[in-house]
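Q: I am new to this structure and would like to learn how to read its features. Please begin with the terms that are needed.

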Amino acid sequence: MPPAAVAIRRLDVQEPLQPMLDVAGYCRTRLFVFDGGELIGAVDVRNAYGPLSVTRLRDEIARRLTYTLMQRSVARCTGAAANPAPLSADVRVSVVIPTCNRPEDLRRCLAALHTERRSRDVEIVVVDNRPGSSSPTRAVIGGFEGIVFVEEPRPGLSYARNAGFAAATGGILVAIDDDVTVPAGWLERLVAPFHRPEVAVVTGNVLPVELDTEAQALFEAYGGLGKGFERFERNGEWFRGLRGPVPTWKLGATANAAFRASVLADPAIGVMDEALGAGTPTGCSEDTYLFYRILKAGHTIVYEPAAWVWHRHRRDAASLRQQIYAYSKGHVAYHLTTLLRDRDWRALIRLGYSLPKVYAVRSYVRLRGWSEYPLSLVLVEIAGTLAGPFALWRARRRARRLGPGARLKGRHAVSLESPITQTPAA
């Protein structure tokens, strides 16, 4: 294994601990710790290419998670521990999965979804964002029953997601990526907060399924996609009370998120901005800007870490650099969009002060040897930041040329000037 590779292992403190002998090929191990099947945290252990004994495992878990485990134990003893109220089983849920020539990832994703047991009516919508005779997507979904298949030829993740939302009929619209796999019970944990009418969005945790390459490990050092193991929520009051920029990138991502369909049908909010996101010159931030508009309208966003999924990070260095460059462009595009469209002057604080400070701090801690995140990737981030304004200009022109994508009306969706072709699965 590369020196930066990290072993990913799972253990449950309610079960007898066993020594981990198969991590000897790794310098470090990341333990995802469960308590009676519920994910409660992660512990990174430097095992220096050696096995992990039961004593070492117990000591590391106790050192990092003692307070969390004590809280849970007290709650169980006092009867304060309670499962969240579920969403009514009468509510239909649609899971929308955009894909673009990644047949093996899509097959794993669909297999996990079909394995999960559920009592409610669940619709699965797959959107092929590069349709045609050479596309492998139709062949993949042919191996699964009950898939709604949508073709969206205009490139861009926002076009694809919006097309999937348009085809979906559920009252709750779940967005995941084709490179994630879901565990048992994920869907009900994700949609449970919607029993509260003020909740418009629920996001879940996104965990790495493997960190076997240097690129995958560095993406986690960059920040990864997960937002931690503590539940939180944000609302319109929080949005209005911020003196600095609105950090919606800290609220989750549409690799694992659910939306109330009626909120996306609100003309004041709408769906994803087709000038933002993967497959466009800006590269990302279609989800963060949608979160922004939802908070601006006064709704609530809940981050529910118990609704976690596994994500397969990009494995090679070139793909990682491309991804970080795109993220940096998209981050700037997000702030410029809030500035130019929403007249939110708080964006200038991020662009002119806190973002340069982030790069200065990353460089400083690397030079002091306190971080393994390389300066070369910091330079990639800076290059993406500088390219952000031009990328947004190009993306706006492109979106005008391609035309608007699908929009929602009422509980269902209609297409405006959209060449979407919806066909049943083979």
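A: A residue is called buried at under 20% relative accessible area, exposed at over 50%, and partly exposed in between, with a 1.4 Å probe and protein chains only. Helices (H or I, at least four residues) and strands (E, at least two) are DSSP runs, numbered from the N terminus. The model is a predicted one, in which local features need pLDDT of at least 70 and side-chain atom pairs count only at pLDDT 80 or more, while totals for chains, interfaces and linings use all residues. Residues are numbered from 1 along each chain as its sequence is written, and side-chain values use heavy atoms, with hydrogens and water left out.

Q: How many residues of helix 4 are buried?

A: Helix 4, residues 157-167, is mostly covered, with 11 of its 11 residues buried. Among them are Leu-157, Tyr-159, Arg-161, Asn-162 and Phe-165. Strand 1 is also mostly covered, as 6 of its 7 residues are buried.

Q: In what order do the strands of the sheet lie?

A: Two strands pair if DSSP finds at least two bridges between them. Here 3 strands form an open sheet with mixed pairing, in the order 1-2-3. Strand 1 (6-12) and strand 3 (38-46) are the edge strands, each pairing on one side only.

Q: Which helix lies across strand 1, strand 2 and strand 3?

A: Contact means heavy atoms within 4.5 Å. Axes are lines fitted to C-alpha atoms, for helices over the stretch in contact, and angles run from 0 to 180 degrees between N-to-C directions. Helix 1 (residues 54-78) lies across these three strands and runs at about 160° to strand 3.

Q: How is the packing of two helices described?

A: Two packed helices are described by the angle between their axes and the distance between the axes. The axes of helix 11 (residues 347-367) and helix 12 (residues 375-402) come within 10 Å and cross at roughly 170°. Helix 11 is therefore roughly antiparallel to helix 12; angles under 35 degrees count as roughly parallel, over 145 as roughly antiparallel, 65 to 115 as roughly perpendicular and the rest as oblique. Residues that meet there include Leu-355 and Tyr-359 in helix 11 and Leu-375 and Val-378 in helix 12.

Q: How is a pair of aromatic rings described?

A: Such a pair is described by the distance of the centres and the angle of the planes. Rings of Phe, Tyr and Trp (its six-membered ring) pair if their centres lie within 6.5 Å; planes under 30 degrees apart count as stacked, over 60 as edge-to-face and the rest as tilted. By this rule there are 16 aromatic pairs. The rings of Tyr-289 and Tyr-292 are stacked, because their centres are 5.9 Å apart and their planes stand at 20°. Tyr-289 is buried at 4% relative accessible area, and Tyr-292 is buried at 2%. Tyr-292 and Tyr-334 form an edge-to-face pair, 6.2 Å centre to centre with 80° between the planes. This pair links distant parts of the chain, with Tyr-292 in helix 9 and Tyr-334 in helix 10 (residues 317-340), 42 residues apart.
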